[in-house]
Amino acid sequence: MSKKIPLLIDTDPGVDDALALLMAFADERHAVVGLTVAAGNVGLEHTVRNALKLCEVAGREDVPVFAGTADPLLHPAEDAAHVHGRDGFGDVDLPAAARGAEAEHAALAILRLSHQYAGELLLVALGPLTNLALALKLDPTLPQRVKRFLVMGGAINGHGNITPMAEFNIAFDPEAAHIVFSAFPQTEVADWEATVAHGLLHRDVEQWLAADTDKARFYELISRQTRLWSEDSRGEYWYAADALAMAWALQPDGATRVERRPLAIELAGTHARGATVVDWNRQTGAADNTALLLAYDRARFERQVQAALGLVD
Ligand code: BDR
Ligand code: CA
């Protein structure tokens with residue numbers, strides 16, 4: 001078998017983060033070399049605890065977990081506990097994992113691993129971009145060592161999920177997002193609107209989660225509350241944002257439509273702080289710093305979710 005692609009994931013688990021992490025663990029072509037944990041969906045204490053628990057359930061205690069920064073760079077932000085539960089994993093009273101996080105800060109771990117896997121690293125961000133922004137401030141040469149960089153975030157036509165124009169991960173820490181999108185010459189973006197275009201039918205998800213596997217049972221439990229909330233407030237499709245981003249990261253050839261454009265972060269807007277402003281008509285003269293996911297092979301996405309839950313290989 002050829003050498004595995006080293007995969008570093010910055011994440012704020014979070015129910016859809018958990019599914020994305022299970023997908024990454026299930027993929028034989030990639031080796032997860034670390035989880036750096038951000039605050040976002042819920043506070044850092046919970047997101048770190050959830051990352052450790054997920055590794056334990058998946059039998060991946062070999063994957064180091066690094067705690068990052070508890071607050072956004074500049075302005076306080078509200079979490080998404082109303083979606084993911086107060087503890088971020090559906091409030092089902094899970095016992096804590098036996099192991100704790102590493103002593104190294106997430107931003108330092110990102111830099112160290114970028115040296116260790118220079119030129120090969122696939123870096124995927126599934127939460128607010130605070131840790132990555134800090135890493136970039138410590139060492140602006142980081143992008144030179146990253147082979148591919150992919151972000152779940154943004155709303156590329158202005159249809160946000162946390163405000164009318166902004167998506168949660170970017171709106172939680174817009175200054176961090178600005179630093180990150182300005183620093184990487186090329187960022188692959190799986191935004192909220194792509195998520196909505198690739199919703200999973202609740203009735204399919206329920207069927208997959210009824211499977212007789214430990215991973216399906218665990219995921220059924222932690223996602224129950226958010227799936228009920230989603231069915232009530234959003235209808236028959238469930239939107240697993242981080243899972244779609246991870247599908248694209250793991251199997252890039254599943255993307256059927258991608259557009260490259262300049263993208264900037266709105267920092268000052270009265271109504272649009274945290275919006276991802278895409279220069280669709282290339283009016284600014286800025287470089288095409290993003291590849292925007294518009295369509296992904298649905299069957300491949302669903303198969304990756306099923307593999308993550310242990311239903312298929
Ligand atoms: C993003 O925000 C979080 O709530 C999810 O985990 C996902 O990363 C979707 O907007
Ligand atoms: Ca997330």
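**Entry: the calcium site.** I began with the calcium ion (ligand 2) and found it coordinated by Asp12 (OD), Asp17 (OD), Asp17 (OD), Leu126 (O) and Asp242 (OD), at 2.3 to 2.6 Å. Donors here are N, O and S atoms within 2.8 Å of the metal (3.2 Å for Na, K and Ca), and water is not among the atoms, so sites may look incomplete. Along the chain, the donors of this calcium ion follow the spacing D-x4-D-x108-L-x115-D. One pair links distant parts of the chain: Asp17 sits in helix H1, while Leu126 is in the loop between strand S4 (121-125) and helix H5 (130-138), 109 residues apart. I noted that helices (H or I, at least four residues) and strands (E, at least two) are DSSP runs, numbered from the N terminus. Both Asp17 and Leu126 are buried; buried means under 20% relative accessible area, exposed over 50%, and partly exposed in between (1.4 Å probe, protein chains only).

**Entry: ground rules.** I reminded myself that this is a predicted model, where local features need pLDDT of at least 70, side-chain atom pairs count only at pLDDT 80 or more, and totals for chains, interfaces and linings use all residues. Residues are numbered from 1 along each chain as its sequence is written, chains are lettered from A and ligands numbered from 1 in the order in which they are written, and side-chain values use heavy atoms, with hydrogens and water left out.

**Entry: ligand 1.** Which residues are closest to ligand 1? Of the 13 that surround it (a heavy atom within 4 Å), the closest are Asp16, Asn41, Asn161, Glu167 and Asp242. I then looked up polar contacts, meaning pairs of N or O atoms within 3.5 Å; within protein, one must be able to donate a hydrogen and the other to accept it, and residues adjacent in sequence count only if both atoms are side-chain atoms. A ligand 1 oxygen lies 2.4 Å from a side-chain N or O atom of Glu167, and one lies 2.5 Å from such an atom of Asp16. For the side chain of Asn169, the value is 3.0 Å. Taken alone, ligand 1 exposes 280 Å², and the protein buries 94% of that; these areas come from the Shrake-Rupley method with a 1.4 Å probe, and for residues only the protein chains shown count as cover. Helices H1 (15-26), H7 (168-172) and H12 (241-250) each supply at least two residues of the shell.

Entry: Is H12 enclosed or open to the outside? Ten of its ten residues are buried, so H12 is largely enclosed by the rest of the structure. Asp242 and Trp248 are among those buried residues. Strand S12 (residues 290-296) has five of its seven residues buried, so it too is largely enclosed. S12 runs parallel to strand S6 (residues 187-190), joined by three bridges, and antiparallel to strand S9 (residues 255-261), joined by six. Two strands pair if DSSP finds at least two bridges between them. Thr187 stands opposite Thr290, and Glu259 has Leu292 as its bridge partner.

Entry: A cis peptide bond joins Pro13 and Gly14, with omega about -15°. Asp91 has a positive phi of about 50° although it is not a glycine, and Asp93 has one of about 55°. Asp91 counts as partly exposed because its relative accessibility is 24%, whereas Asp93, at 73%, counts as exposed.
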